[in-house]
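Visitor: Please show me how to read a few features of a protein model.
Guide: Let us begin with the model itself.

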Amino acid sequence: MQDWLTRATRLRAEVFVGSPYVHVSPGEWQIDPESLRGIARGNGYLEIPPMFQGCLSFQFAPQHFPPTPAFDGPDRPDAGRERWLLNRLGGGDVWISLKHANLSARRVAEIAATEGLRVAADFADPTDRVLLLSRDPAPPRLPLPIPSGSWRFRYSWLNHLAPAMVFVLLGISAVIVGAPVEFESPMSTLLLVATFVGAVPAAFVTSLFPRTTRVGWLAWEFNGLPHVQFPVRTFGVSVDLAAKIAWHHGYVLYGHTATQASGPILKFYKRA
């Protein structure tokens with residue numbers, strides 16, 4: 001059974017997304033009517049008389065209930081950031097974080113158009129706004145096919161692989177320098193301390209990469225496999241943005257677990 005946070009996140013990512021009318025059953029979603037009305041208001045929806053039995057009905061009316069302001073970058077010329085964006089547009093599809101780009105969505109769309117790209121997807125919350133720029137703005141054909149081959153690298157593994165590599169490399173170093181096996185040896189103690197000092201920052205290695213790069217890695221996670229899960233902290237985006245990107249690729253958030261080390265681990269399944 002999904003918890004309240006998961007259901008509320010799904011409503012923001014899948015239901016209250018700007019459609020003219022929305023009809024939601026509190027019983028089906030297992031959310032009390034007042035909480036449901038609050039989520040609707042926060043996304044710019046006005047409650048109207050119910051159109052279906054057992055449902056609450058809403059109309060998109062941002063003029064009456066302005067939605068929670070979404071992030072947008074500064075809407076002014078910036079030669080340096082515009083040059084950076086142009087350098088990102090050389091290949092095919094590309095995800096752009098406006099928080100990282102430090103440009104407005106309007107300006108990004110204008111610059112992308114000069115390279116023959118259009119905004120194929122646009123997801124926002126108060127923390128960031130991410131755009132998918134593509135030469136083919138049509139939505140992906142769903143469900144995504146299961147990837148061919150038995151193995152595919154996932155960037156969510158990086159924060160686990162990097163600490164392991166630190167341990168391996170320092171172990172090899174110990175052998176090379178001929179460090180004694182006794183724990184009391186100064187060299188053994190030094191290598192042990194270096195291992196733990198290096199492993200801690202290595203567990204957050206993805207944070208060293210630009211936000212735009214991490215958003216692209218996040219989208220790469222939804223590769224057609226039946227189930228996907230990852231620590232959202234790996235990619236540095238909010239739970240809401242992760243759920244919206246997942247829905248775009250045909251995935252549904254169905255739960256999460258929280259750990260002190262890696263934060264929320266989101267779990268998704270692929271829609272049929």
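The dialogue below goes through backbone angles, a sheet, a helix and a surface patch.

Guide: This is a predicted model, in which local features need pLDDT of at least 70 and side-chain atom pairs count only at pLDDT 80 or more, while totals for chains, interfaces and linings use all residues. Residues are numbered from 1 along each chain as its sequence is written, and side-chain values use heavy atoms, with hydrogens and water left out.

Visitor: Which residues does the cis peptide bond join?
Guide: Leu-142 and Pro-143, with omega about -5 degrees. Pro-143 is in the loop between β6 (128-134) and α7 (158-176).

Visitor: How do strands of a sheet pair?
Guide: Through backbone hydrogen bonds, either parallel or antiparallel. Two strands count as paired if DSSP finds at least two bridges between them. In this model, an open sheet of 3 strands runs in the order β7-β9-β8, with antiparallel pairing. Its edge strands, β7 (227-231) and β8 (251-259), each pair on one side only. Between β8 and β9 (residues 263-270) there are 8 bridges; Tyr-251 has Lys-270 of β9 as its bridge partner.

Visitor: How many residues of helix α10 are buried?
Guide: Buried means under 20% relative accessible area, exposed over 50%, and partly exposed in between (1.4 Å probe, protein chains only). In α10 (residues 239-248), 8 of the 10 residues are buried, among them Leu-241, Ile-245 and His-248. After α10 comes Gly-250, with a positive phi near 90 degrees.

Visitor: Which residues make the nonpolar surface patch?
Guide: Patch residues have over 30% relative accessible area and no salt bridge; like charges are joined within 9 Å, and nonpolar side chains (Val, Leu, Ile, Met, Phe, Trp, Tyr) within 5 Å. A salt bridge is a side-chain nitrogen of Lys or Arg within 4 Å of a carboxyl oxygen of Asp or Glu. Areas come from the Shrake-Rupley method with a 1.4 Å probe; for residues, only the protein chains shown count as cover. Tyr-21, Met-51 and Phe-52 make this patch of about 330 Å². Phe-52 is in the loop between β2 (45-48) and β3 (56-60) and is partly exposed, at 48% relative accessible area.

Methods:
Helix = DSSP H or I, 4+ residues; strand = E, 2+ residues; numbered from the N terminus.
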